[in-house]
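Here are a few friendly notes to read alongside the model. Please keep the structure open as you go through the points.

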Amino acid sequence: MTTVTAPAPAAAPLEAARAALQDRLAVRAAAAGAPAPAVSRVGDTNVLGERTAPAAPVPPHTAEIHLTAQAVLLGPWGGAGRACGTCLAMRRQRLRTRTERDALETGTETTAAGRWPALPDHLVDAVWSLHRLIAIGGARHEPPGPDAGLPRVTELDLETLQVRTFPLLPDPMCPHCRPATGEAVAEAAAQRTAGPMTSRPKSAPGHYRSGRPGDFPLPVKGLANPVCGVLGGGTWTDVTSPTTAPVAGSVFMRGYAGLTDVTWSGQANSYARSRELAFLEGLERYAGTHRRHRAPVVTASCDELGDRALDPRACGLYPPRTYAEDPMVEPFDPARPIPWVTGWSLRDERPVLVPARLVYYSAGTREDNFVFECSNGCATGASLEEAVFFGLLELLERDAFLLGWYGNLPLPEIDLDSVGGARVRAMAARAELQGYDVHVFDNRVDLPVPVVTGLAVRRDEGPGTLAFAAGASFDPETAVESALSEILTYIPHLPRQVAERPAELTAMAADFDKVVRLPDHAALFGLPVMREHARGYLAPPRVAPLGELFADWEARRPRTTDLLDDVTLLRDLLADADCDVVAVDQTTPEQRGMGLRTVATLAPGLLPIDFGWLRQRAPHLPRLRTAPYRAGLVPAPLREEDLRLVPHPFP
């Protein structure tokens, strides 16, 4: 009779190896007369979200050594901050591949592939030696710069025996060293106040940032490393780019449609500055995708909350067809309880509850899936006021761009020769070397703040025909620079992106319903056939000098040394346009320690940017039809037949 043994559960090989490693380290500890270290296993159970596994024999937060399928991790050790093995496990899980994360986080069945990991004596000796070295302080040299003082993790690669040490930033949602006690929740709530606004001195009337990107103490090794990086496994530079000096990184973030590869980048004229900007953008997206603090969430219906809450219908909803055909969204129901977070109304100077769905753009529940939001209006600064200022500028930029596009408005072109900055001429020259002519337009409609739309036109009308971008600033020349800088990041890659999917993009040009993702919008206008939809930009009504076009703004532009005056002007301009101004503090504990503040700004009534043709809110909001009339650009509110109902080309 033959006995057949059932396969062991997937966790068995790693658990067996963990127990064996702990026993063998205990033997060495006994021989040395030293305490035996506790060993946990990491990487085969979910430590993120709600689908957590049963408690392990040795939980990570109680252990000094952690065994994975690829390495042994020692720590966290040293440093002045508080972190634990669960912080490490959470950070590490976010760096796993899409396949690994989906298997852990969605309950996908897995099968063990043999008896792994192998732990020969020489490897156990190496682990013991590293453990003793750390225990006696022999490894306690401080890394330079802002990473100094952080707890550290030492990795021993099981295949190569390579040893590396990285800083670990504590995870603010760790249930062990950051427990959700009443005191912690109350403290988080107290820190999450986005108002009232206060005076913020500026170094000069035209200086809207209190410092440079490099002034912030960013622990870059803790932010990007392959073991426990907050924002990903590292950064890369594109030394082949002919237009900018790009530095970028990426990390998977779980959102509505599963794991999304979120890229963060800096696109300046030097790699050093690009690297600084990249980390700031990465931190901003880290703060905006999910709540990273324990401030309370209110769950209630819009009807129950009344005027205590921002009605999401004021921010726009999709047309009925979208809710009928798109299985990922449902119509908004004011009687259905949804999660809300606390914001601050700058217009009314009071707290206001805001749907969490409109603030954290990768999070959400089945109850509040009435719309998909993006990072529009999210911004980072050295103070709350600075972040609000730049968040509102972004809202104005996107609103003006959509008014011009969907409203089919004739925008005056700015004579680039009239822009005094050498950087503008250099950027235009770089575009010319790539075969593109660049144009910039005064895209203001009914609000006077400078908004500039940029357009690069490929001279030979080949793939990558048109590339759009926009910029907004209190300084018109800076707005021009911002728009051109954005364009320069796209044109080196646009021809290839179009050439890689010609049939798909051609189908989109014939049927706009096929435009479903963010990259589709810009890529679609890389097709020469889409020139016909941009005729107003290719043949503008007039070309005028920068100074002439923005003379009205320069006459009323605030020139004080208090940033609060600039924020107040934006608030009042939006209030005159029947828009509230709401700020929600998204700042993470990590950012707070670096002197950063991140906010989500909302101005209900402005046109919101959306991606996917069936998920457009802007064409259905009253402002699209009334703002051009309010500005005196048209003799009457726009009718349906006046609109350019073509997917916008905003990248």
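Predicted model: local features only at pLDDT ≥ 70, side-chain atom pairs only at ≥ 80, totals over all residues.

1. Helix H1 (residues 12-32) packs against helix H4 (residues 121-135) at an angle of about 60°, and their axes are 10 Å apart. H1 and H4 are therefore oblique to each other, and their crossing is right-handed.

2. Which residues make the contact between H1 and H4? From H1 come Leu21, Arg24, Leu25, Arg28, Ala29 and Ala32, while H4 brings Asp121, Val124, Asp125, Val127 and Trp128. By type, the contact of H1 with H4 holds seven nonpolar residues and four charged ones, with no polar residues.

3. Next, have a look at Arg152, which sits in strand S4 (residues 152-157). Is Arg152 buried or exposed? Its relative accessible area is 3%, so Arg152 is buried, given that buried means under 20%. The Arg152 side chain reaches the backbone oxygen of Leu150 at 3.5 Å.

4. Not counting residues up to four places away in sequence, Leu169 touches Leu150 along with Arg91, Pro219, Gly222, Leu223 and Val230. With a relative accessibility of 8%, Leu169 counts as buried.

Notes:
Residues numbered from 1 in each chain as written. Heavy atoms only, no water. Axes fitted to C-alpha atoms, helices over the stretch in contact; angles between N-to-C directions. Helix = DSSP H or I, 4+ residues; strand = E, 2+ residues; numbered from the N terminus. Parallel < 35°, antiparallel > 145°, perpendicular 65-115°, else oblique. Left-handed = near helix turned anticlockwise from the far one by under 90°. Contact = heavy atoms within 4.5 Å. Nonpolar A, V, L, I, M, F, W, Y, C, P; charged D, E, K, R; others polar. Buried < 20%, exposed > 50% of the residue type's maximum accessible area, 1.4 Å probe, protein only. Polar contact = N/O pair within 3.5 Å; in protein donor to acceptor, adjacent residues only side chain to side chain.
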